[in-house]
Amino acid sequence: MIPAEFEYQAPKTLDEALRALGRHGDEAKILAGGHSLLPMMKLRLASPRYVVDIGRIRGMDYIREERDKIAIGALVTHAQVTTSELLRAKCPLLPETASEIGDMQVRNRGTIGGSIAHADPAADYPASILALDAEMVVQSSSGKRTIPAADFFVDLLTTQIRPGEILTEVRVPVKRAGEGTAYKKFHQPASGFAIVGAAARVIASKAGQIEDVALGMTGVGSKAYRATAVEKSLRGKTASESLIAEACGKAAQGIDPLADIFASAEYRREMASVFARRAIISALEKAMGRASSPSKGAAPGKTK
Amino acid sequence: MAKDTNGYNIIGKPMAMTDARAKVTGLGKYADDLSVPGMLIGKILHSPHAHARIRSIDTSQAEALAGVKVTATGEDARNPYGILPIGHDERAFALGKALYIGDNIAAVAATTPEVAERALDLIRVDYEQLPGWFDPEESMKASSNWINEERPQNIEKEYHHVFGDPEKGFGEADFIAEERYYAGEVNQAAMEPHATLAVWEPDNRLTVHSSTQVPFYLHRTIAAVCEMPMSQIRVIKPLIGGGFGGKSEIIPLEVAACVLAKKARKPVKITYTREEVFLAHRGRPITIVYLKVGLSRAGKITAVQARVIQDGGAYCGYGPVTVLYSGALLGAIYDIANVQYDGFRVLTNKPACGAMRGHGTVNVRFAFESILDQLSHQAGLDPLEVRRRNLLKAPCITANSLRVTSYGLPECIEKVFERSGWAEKKGNLPYGKGVGMACSHYVSGAANPIIRSNMPHTTVHIKIDRDAAVTVYTGASEIGQGSDTMQVQIAAEILGVSTDRIKLVAADTELTPIDLGSYSSRVTFMAGNACLNAAKDMRDQIVAAVARKFGCAADDFEVKDGRISHKSDAGKSLSFDEAVTVALEFHGALVARGTYAPPETARGGKFKGAGVGPSPAYSYSAQVAEVTVDPETGQVRVDKIVAAHDCGKALNPLTVEGQIEGSVYMGFGQALQEDMIWKDGRLMNPSLLEYRIPATKENPEIESIIVESIDPEGPFGAKEAGEGSLAATIPAIANAIFDAVGVRINSTPITPDKILDALREKQKLASGNGANAANKPVAAGGRL
Ligand SMILES: Cc1cc2nc3c(=O)[nH]c(=O)nc-3n(C[C@H](O)[C@H](O)[C@H](O)COP(=O)(O)OP(=O)(O)OC[C@H]3O[C@@H](n4cnc5c(N)ncnc54)[C@H](O)[C@@H]3O)c2cc1C
């Protein structure tokens with residue numbers, strides 16, 4: 001379909017953009033990479049009166065280290081995240097996650113700000129944002145505030161961002177010693193979105209003593225969440241295959257899984273456990289300083 | 001020029017397609033690329049209801065909108081049409097009832113697409129909703145509220161065939177398997193969405209440029225719908241971005257564009273959105289197969305019984321042909337004496353299905369090759385060996401009167417046996433990995449035309465004038481399969497000139513003679529033969545003139561390497577250009593023609609429905625798939641497919657390989673991921689973001705092997721290459737999954753959740769029996 005009529009504005013500065021948004025209130029939509037907004041407009045699921053394109057604002061696509069944090073401008077594309085040497089060295093979970101998003105075209109256009117602000121229940125970043133305890137910096141004409149990841153995602157396509165606000169920056173912590181991270185994803189075969197995505201961050205001793213663990217899940221429910229039941233079962237324990245398997249059985253505990261044409265609620269729940277386990281094991285192995293995770297393919301070793 | 005072992009210069013050599021450059025540079029023109037001055041844009045209003053009586057339609061508001069030139073409804077074109085003479089049940093726009101979500105209700109032609117779309121919103125339709133029929137097995141029990149009052153019980157057509165003595169055959173079986181198979185609905189998803197530009201000419205003629213595989217049938221249909229003589233209508237097929245049967249009958253936008261153009265007296269173009277492509281559909285129907293097969297201890301198939309139900313959607317389309325193909329080609333690949341077939345084509349309130357690649361054969365082949373694998377295991381025999389033991393002894397006539405003249409299946413089987421490492425791999429790979437094999441076959445064109453007549457199925461004209469360029473005029477429709485290139489090759493080979501000298505004019509009803517269309521893999525065999533005959537006619541005319549000039553007999557001359565030369569007297573030789581001058585002096589004009597009609601002996605038996613299935617020749621395929629199954633998620637990765645295809649003589653090995661690979665990809669898509677998902681008649685995934693066709697990302701490695709069983713009647717021995725390989729891919733993958741994890745999935749697509757459910761079921765059974773988890777343990781998963 002052809003989108004409904006709208007007025008297009010392309011401010012050159014953040015201030016200009018904030019003023020435009022202030023004027024138009026909830027009649028305006030921000031346009032970043034357009035890879036979520038334009039499909040919605042074509043399907044007429046969104047018919048904004050004003051489209052404010054923030055893509056021409058300079059200086060919003062940085063990735064820089066600021067003490068123990070890495071600050072990422074909202075206009076940084078998925079491709080930039082994937083290839084950032086800084087992130088690969090100091091926060092490898094984010095590049096690993098970004099590399100799993102959609103296809104090359106989507107990664108070249110889509111932005112981290114757009115993805116997080118959009119809060120698609122099957123988007124990849126939210127799982128990692130949660131596992132990393134990242135912070136979102138949002139600005140409006142009346143000022144700036146910082147929202148912790150734990151509070152950020154409210155519901156399906158809904159975040160703490162208010163009309164008139166722009167998400168300007170995402171802040172993620174620099175990797176600690178003894179920390180391993182991994183993102184494991186079940187791709188929806190057509191769109192590439194996550195049927196289930198599990199982002200794990202594990203801090204463990206070489207002997208496998210788990211000091212801390214964070215597990216962000218996406219795709220399963222109406223919003224991304226932290227699988228606290230899994231975390232609780234693992235924190236402070238010595239890792240074993242059976243312990244992890246049992247803990248990850250709770251990956252969708254308390255969640256009402258989504259059901260759609262590709263996966264039933266039951267299947268999603270089951271896959272949540274499988275991918276949570278794969279992510280935890282992979283992160284743990286890295287934390288313990290072992291070789292990378294087992295292969296993606298068939299279960300190894302068994303013969304007929 | 002180098003010669004191959006057959007002494008051909010061009011035939012049998014890889015050659016890039018003649019339109020390749022235009023396509024890859026983007027300079028080629030598809031229907032939607034065309035535009036003419038004053039052109040309007042047409043848009044169609046589709047029914048939002050699956051089954052509804054139309055009480056009234058009010059287009060006045062839409063007509064009042066600035067920029068709208070005309071609107072049209074069912075009243076503007078009442079004549080019914082359909083691809084089959086027995087199925088004229090479609091109209092330009094619904095009259096009385098809307099039969100599916102997406103049915104065509106009205107249309108507008110406006111100056112811009114935006115205006116046209118806004119105008120659609122202004123058309124008021126008063127519907128009275130009726131209960132809909134969505135499940136074919138429910139639909140065929142209907143006692144009232146029929147979709148088409150002339151089709152009681154919503155059955156479009158049924159056929160019942162018995163060959164040999166099935167009861168006796170089952171009596172002789174040592175093993176009998178009985179299963180229900182279900183194949184989901186798939187769409188061609190051709191890269192080019194349908195588009196039609198209908199130009200109302202100043203002299204009140206109509207020129208139609210359309211993305212069609214069947215310009216000739218389109219020509220007839222427009223004449224009937226627009227009530228114009230065919231002589232006033234010209235149909236031109238531009239470049240086509242894939243058809244696969246989705247453009248092999250008349251598609252609603254084609255008639256809608258013509259009706260609007262005639263009413264507006266202006267050019268009108270309509271291009272479907274991807275969603276509209278899915279709503280116009282004509283893909284492969286949901287097919288339910290109840291199949292029973294008997295096998296002797298020695299591995300001989302003793303009897304086959306099949307009950308096939310096809311969910312045809314709301315209109316007839318090719319339906320009766322589809323359901324007949326399912327029966328006709330079910331057993332005929334092997335030597336099976338006893339076959340019972342009961343086929344039902346059922347109407348439901350969904351878009352009409354059509355003649356998708358492998359027409360009618362694919363879903364029954366999935367069932368048949370799956371059950372054969374299952375029976376082989378039951379009998380403790382290697383499934384590949386079982387195929388060897390059931391081969392036809394060609395040349396022969398099958399139980400259902402199909403004439404088999406060339407039969408490369410045995411060689412196909414041996415080739416994939418060797419190249420796949422079958423002997424080492426089958427049953428010996430680790431848990432989660434497996435191999436499976438299957439065979440398939442297909443017609444090289446239908447021996448009987450859709451509209452019965454004694455006219456040729458195809459005609460080719462060739463003209464040469466003073467520039468010594470050879471122009472081939474052919475009705476055959478290039479749709480990406482290589483039709484044009486194939487005829488260029490044939491003409492060049494026979495006339496002894498390079499392919500550069502050949503100019504091909506195709507599929508334009510004003511310029512080219514008739515060809516029935518690009519469907520049922522008929523073009524190489526039929527248009528190829530017609531082109532061969534025309535080229536020989538031309539060659540003979542030129543040679544006759546040259547021979548006369550030298551005062552010799554025509555037989556003394558040969559045509560090769562751009563010269564016409566005396567076989568034993570080197571002094572008597574002319575270049576092609578010189579020979580053309582001599583021939584023009586002698587004949588005045590150089591015009592040649594060739595036709596093709598299948599021989600009487602190829603046209604099949606005499607029983608009801610015997611007309612569908614017979615072909616002048618059949619292609620064969622054997623395949624081995626190797627897969628990896630993740631038993632924790634049920635995800636399948638196809639690692640490799642080895643496919644051997646018997647296409648008779650491979651006129652152009654490059655395009656034959658392309659066709660084998662394309663067929664395998666398409667089968668792979670249907671096997672694992674493609675599925676049109678319906679909810680009460682509403683398509684839930686009408687976009688390529690939700691309906692996944694295979695892309696390079698997941699496509700398996702394919703090793704394609706060409707087998708050449710030179711056919712006695714094909715042009716240079718050629719048969720079909722474009723469809724026959726598709727059907728084997730699906731059961732080969734299904735059988736490989738069984739080899740990998742020990743479960744059989746009898747429905748497509750084989751999605752991860754189905755595998756997981758089956759594994760769980762199997763585990764339950766195994767532990768229920770107290771046995772220790774069968775011979776294939778379910779793996780415990782990751783390690784630390
Ligand atoms: C074919 C396809 C496949 C995809 N596959 C995946 C996938 O596998 N995984 C995945 O995670 N995503 C996937 N996506 C989505 C993709 O990652 C999008 O790019 C992303 O979700 C949105 O980013 P954007 O920059 O394109 O945002 P836009 O589409 O421009 O905007 C999205 C929404 O966020 C708002 N917005 C944008 N920027 C800001 C900001 N700075 N502050 C406040 N609000 C803002 C907009 O108003 C809009 O509501 C896919 C998209 C496509 C088209």
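In this predicted model, the domain assignment divides chain A into domain 1 (7-56), domain 2 (63-173) and domain 3 (179-287). For chain B, the assignment gives domain 1 (20-27 + 455-596), domain 2 (34-130 + 191-242 + 247-280) and domain 3 (286-448 + 604-767). The points below take up the pairing of domain 2 with domain 3 in each chain.

**Chain A: domain 2 and domain 3**

- A distance of 20 Å separates the C-alpha centres of domain 2 of chain A and domain 3 of chain A.
- Contacts link 22 residues of domain 2 of chain A with 25 residues of domain 3 of chain A.
- On the side of domain 2 of chain A that touches domain 3 of chain A, at least two residues each are supplied by helix H5 (93-98), helix H8 (125-131) and strand S8 (153-155) of chain A.
- H8(A) provides the largest share of that side of domain 2 of chain A, with five residues.
- By class, this side of domain 2 of chain A comprises 13 nonpolar, three polar and six charged residues.

**Chain B: domain 2 and domain 3**

- The C-alpha centres of domain 2 of chain B and domain 3 of chain B are 36 Å apart.
- Between these domains, 20 residues of domain 2 of chain B are in contact with 21 residues of domain 3 of chain B.
- The side of domain 2 of chain B that touches domain 3 of chain B is made up of 10 nonpolar, five polar and five charged residues.

Conventions. Residues numbered from 1 in each chain as written. Chains lettered and ligands numbered in written order. Predicted model: local features only at pLDDT ≥ 70, side-chain atom pairs only at ≥ 80, totals over all residues. Domains from an automatic or database assignment. Contact = placed C-beta atoms within 7 Å. Nonpolar A, V, L, I, M, F, W, Y, C, P; charged D, E, K, R; others polar. Helix = DSSP H or I, 4+ residues; strand = E, 2+ residues; numbered from the N terminus.
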